[in-house]
Amino acid sequence: MTAPLFDTICFVGIGLINSSLARAVRKLGLARRLTSLDCDPEACRVALELGVVDSASADPAAEVAGAGLVVLGTPVGAMEAVTQAIAPYLASGAIVSDVGSVKTAVIRDVEPFLPEGVHFVPGHPIAGTEFSGPAAGFAELFQGRWCILTPQAHTDVQATARVRALWEAVGSTVEEMDPAHHDRVLAVTSHLPHLIAYTIVGTANDLEGVMEQEVIKFSASGFRDFTRIAASDPIMWRDIFLNNKEAVLELLQRFTEDLTALQRSIRWGEGEVLEKHFTKTRAIRRAIIDAKQDR
Ligand SMILES: NC(=O)C1=CN([C@@H]2O[C@H](COP(=O)(O)OP(=O)(O)OC[C@H]3O[C@@H](n4cnc5c(N)ncnc54)[C@H](O)[C@@H]3O)[C@@H](O)[C@H]2O)C=CC1
Ligand SMILES: O=C(O)C(=O)Cc1ccc(O)cc1
């Protein structure tokens with residue numbers, strides 16, 4: 001048990017990420033009381049039944065009042081509405097943070113609605129799965145993973161330090177980053193790969209009936225990996241693409257050009273070009289694995 005970092009933490013949206021954080025906080029004794037605000041009565045029921053939080057409802061007055069930290073964990077497209085709903089109940093000096101997968105749009109949608117004296121520290125744990133909802137969460141999700149915080153020049157330094165301490169306590173390594181830079185980096189490492197998975201699985205599904213059966217029957221591990229990613233939550237990913245439009249579209253342009261170059265090499269039998277490319281990408285994979293082993 002560690003000393004509590006907060007008295008009360010309110011989780012807005014008690015899905016995969018916030019319920020994992022709540023579990024870790026509970027296990028490590030990082031807060032005395034955990035509450036949750038969620039518009040889905042079933043999510044509230046499950047979170048209470050599993051003992052993830054002490055109180056859960058769709059009533060912001062009941063769940064938010066008295067919280068020293070409020071963590072927004074809804075799909076990013078709902079962050080503006082939830083901020084407007086909770087704003088009247090936020091105590092002066094309270095910290096609001098979030099776990100959203102994009103940062104510029106979340107800052108745009110949240111910050112203008114927070115009362116004076118409430119500190120906003122935007123965050124994004126780089127950890128997750130293709131599953132959703134409170135039952136899918138687990139306390140170890142953030143261990144050995146990165147958490148990116150995107151405080152701005154005017155963000156209260158102490159508030160940032162307290163949010164950093166929370167993520168470090170649950171096992172993450174924290175890095176601070178400019179929000180626009182975060183959105184470009186994540187477009188490459190997470191958003192485009194998901195878009196590619198959604199595309200390839202859709203393409204395979206659209207093939208003629210017999211072929212479709214074969215796709216399922218003989219699906220090799222490459223395709224199976226894509227289907228795992230393409231099973232990720234549709235609302236969450238709709239919101240990510242709509243809220244990181246610029247970075248994703250810019251990257252998609254580059255990707256399409258690179259794909260066309262590979263297409264050309266296949267067409268013209270340029271084996272050495274293909275081999276050189278695949279050798280480079282293998283080295284990237286090995287570097288990622290080595291870097292992970294260092295941490
Ligand atoms: N799933 C993942 O692997 C990761 C997700 N994220 C980000 O974390 C956030 C949450 O994702 P998950 O936990 O996977 O989602 P989830 O779908 O498991 O849970 C979201 C919860 O928010 C609730 N909700 C939706 N709209 C609401 C509203 N207007 N008011 C109150 N509650 C509302 C839903 O009822 C649900 O319980 C998203 O912004 C996502 O981009 C970040 C890292 C990884
Ligand atoms: O399950 C996977 O492979 C993921 O990529 C999880 C994930 C999804 C969204 C994020 O913003 C961060 C991590």
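Which residue in strand 8 is the bridge partner of G123? The partner is L149.

## Basis of the model

This is a predicted model; local features need pLDDT of at least 70, side-chain atom pairs count only at pLDDT 80 or more, and totals for chains, interfaces and linings use all residues. Residues are numbered from 1 along each chain as its sequence is written, while chains are lettered from A and ligands numbered from 1 in the order in which they are written.

Helices (H or I, at least four residues) and strands (E, at least two) are DSSP runs, numbered from the N terminus. Two strands pair if DSSP finds at least two bridges between them.

One open sheet has 6 strands in the order 3-2-1-4-5-6. Its pairing is parallel. Strand 3 (55-57) and strand 6 (119-121) stand at the edges. Each has a single partner strand, so one side of each is left without a neighbour in the sheet. Neighbouring strands are turned by 20 degrees against each other on average, direction ignored. The axes behind such angles are lines fitted to C-alpha atoms, for helices over the stretch in contact, and angles run from 0 to 180 degrees between N-to-C directions.

Strand 1 (residues 6-12) and strand 2 pair in the parallel sense over 6 bridges. I9 has L34 of strand 2 as its bridge partner. V12 stands opposite L37, also in strand 2. Strand 1 is mostly covered, with 6 of its 7 residues buried. A residue is buried if 20 or more other C-beta atoms lie within 10 Å of its own, exposed if 12 or fewer, and partly exposed in between; C-beta atoms are placed from the backbone. In strand 2 (residues 31-37), 5 of the 7 residues are buried, so strand 2 is largely enclosed by the rest of the structure. Strand 5 (residues 95-98) pairs with strand 6 in the parallel sense over 3 bridges. There, S97 has V121 of strand 6 as its bridge partner.

A second open sheet has 3 strands in the order 7-8-9, with mixed pairing. Strand 7 (123-125) and strand 9 (173-176) stand at its edges. Each has a single partner strand, so one side of each lacks a neighbour in the sheet. Neighbouring strands of this sheet are turned by 20 degrees against each other on average, direction ignored.

Strand 7 and strand 8 (residues 146-149) pair in the antiparallel sense over 3 bridges.

## Ligand sites

How many residues surround ligand 1? The shell has 29 residues, and the closest are G13, G15, S101, G128 and S132. A residue is near a molecule or strand if its C-beta atom, placed from the backbone, lies within 6 Å of it. Helix 1 (16-28), helix 4 and helix 10 (234-243) are the elements that give two or more residues to this shell. Helix 1 gives the most, with 3 residues. By class, the shell holds 15 nonpolar, 11 polar and 3 charged residues. Ala, Val, Leu, Ile, Met, Phe, Trp, Tyr, Cys and Pro count as nonpolar, Asp, Glu, Lys and Arg as charged, and the others, Gly among them, as polar. Domain 1 (6-177) and domain 2 (181-294) both give residues to the shell, so ligand 1 lies between them. The domain bounds come from an automatic or database domain assignment.

Ligand 2 is surrounded by S101, I126, G128, T129, E130, S190 and I229. The shell around ligand 2 has 2 nonpolar, 4 polar and 1 charged residues.

## Helices and a loop

Helix 11 (residues 245-267) has 23 residues and should span 33 Å at 1.5 Å a residue. The expected span is 1.5 Å times one less than the number of residues. The end C-alpha atoms of helix 11 are 32 Å apart, which agrees. Helix 11 is hardly covered, with 2 buried residues among its 23. G269 follows helix 11 and has a positive phi, near 65 degrees.

A81 is in helix 4. A81 is partly exposed, with 13 other C-beta atoms within 10 Å. Its C-alpha is 8.7 Å from that of V110, 29 residues apart in sequence. P88 sits in the loop between helix 4 (79-86) and strand 5. P88 counts as exposed because it has 11 C-beta neighbours inside 10 Å. The C-alpha atoms of P88 and A65 are separated by 9.0 Å, with the two residues 23 apart along the chain.
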